[in-house]
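Thanks for coming. I have one model to go through today, and I will keep it short.

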Amino acid sequence: MSLRDFLERFRPAGTPGTSATGVPADRTVERAAELEPTLARLADVQRDATRIRAAADEAAQALRQNAEREAARLVLAAREQAPEVRRQTAEPLLRAARREADALRAAGDRRASEVRVQAGERMPDLVERAVAEALRLARGTGEAP
C-alpha cells in the first residue's frame, strides 16, 4: 500500500450536507483489501504451527516409547543381576560370620579341654569319696569311714 493510499483513508468523503458530486469511500472494502494478504499469511502460519505441533507430538510419543522400552530393559537387567549383587554383598558378611564362628568354636574347644583336665584332676578324689560312701552304706553304718 502506498503512502497516498494510506493517507486517503483519513480524507473525508465530502463536506457535510448534500453533495452534488463524490461518493463516500467504502472503508470496509478498503480495510478488507488491506488486511486480506496479512490474514492469508497468518492462516499459512497457523497451518505451519499445527503441522509443527503434530510433528512434535509424534516425536514426543516416539521418545516416550523409547524411554519405556529402555526402562523395561534396565529393570530386566537389574533383576537378572540382583542375585549376583546380593551374593557379592553378602560375601564379606559371611566371611566375618565364619571367622566369628571359628573363633567361638576354638574358644569352646579350649574350654572343653580345660574341663577335661579339671575332671581328670578331680576324678580320683570323687571316685574315692563315692567308694567310701558306698562302703559306708553297705556296712549299714551312718558314719563316714
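This is a predicted model: local features need pLDDT of at least 70, side-chain atom pairs count only at pLDDT 80 or more; totals for chains, interfaces and linings use all residues.

**Helices, a patch and salt bridges**

Residues are numbered from 1 along each chain as its sequence is written, and side-chain values use heavy atoms, with hydrogens and water left out.

First, the overall picture. The protein chain has two helices and zero strands; helices (H or I, at least four residues) and strands (E, at least two) are DSSP runs, numbered from the N terminus. Of its 145 residues, 1% count as buried. Here buried means under 20% relative accessible area, exposed over 50%, and partly exposed in between, with a 1.4 Å probe and protein chains only. The accessible surface of the chain is about 12900 Å², and 59% of that belongs to carbon and sulfur atoms. Those areas come from the Shrake-Rupley method with a 1.4 Å probe, and for residues only the protein chains shown count as cover.

Now helix 1, which covers residues 3-8 and includes Leu7. Leu7 is partly exposed, at 49% relative accessible area. Together with Met1, Leu3, Phe6 and Phe10, Leu7 makes a nonpolar surface patch of about 590 Å². Patches are made of residues with over 30% relative accessible area and no salt bridge; like charges are joined within 9 Å, and nonpolar side chains (Val, Leu, Ile, Met, Phe, Trp, Tyr) within 5 Å.

On to the salt bridges. The rule is a side-chain nitrogen of Lys or Arg within 4 Å of a carboxyl oxygen of Asp or Glu, and by this rule the count comes to ten. Side chains of opposite charge can pair when their charged atoms come close.

Asp48 and Arg51 form a salt bridge at 3.9 Å, N to O. Both lie in helix 2 (residues 27-139), three residues apart, about one turn of the helix. Asp48 is partly exposed at 38%, whereas Arg51 counts as exposed at 52%. An α-helix has 3.6 residues a turn, so residues three or four places apart point the same way.

How far apart along helix 2 are Arg87 and Glu84? They are three residues apart, about one helical turn, and their side chains meet in a salt bridge at 2.6 Å, N to O. Arg87 is partly exposed at 43%, and Glu84 is partly exposed at 35%. This pair belongs to a network of salt bridges that links Glu84, Arg87, Glu91 and Arg95.

Glu114 is partly exposed at 43%, and Arg111 is partly exposed at 43%.

Last, where does helix 2 bend? The bend is at Ala82, by about 40°, and a proline, Pro83, follows within four residues. The bend at a residue is the angle between axes fitted to the seven residues ending there and the seven starting there.
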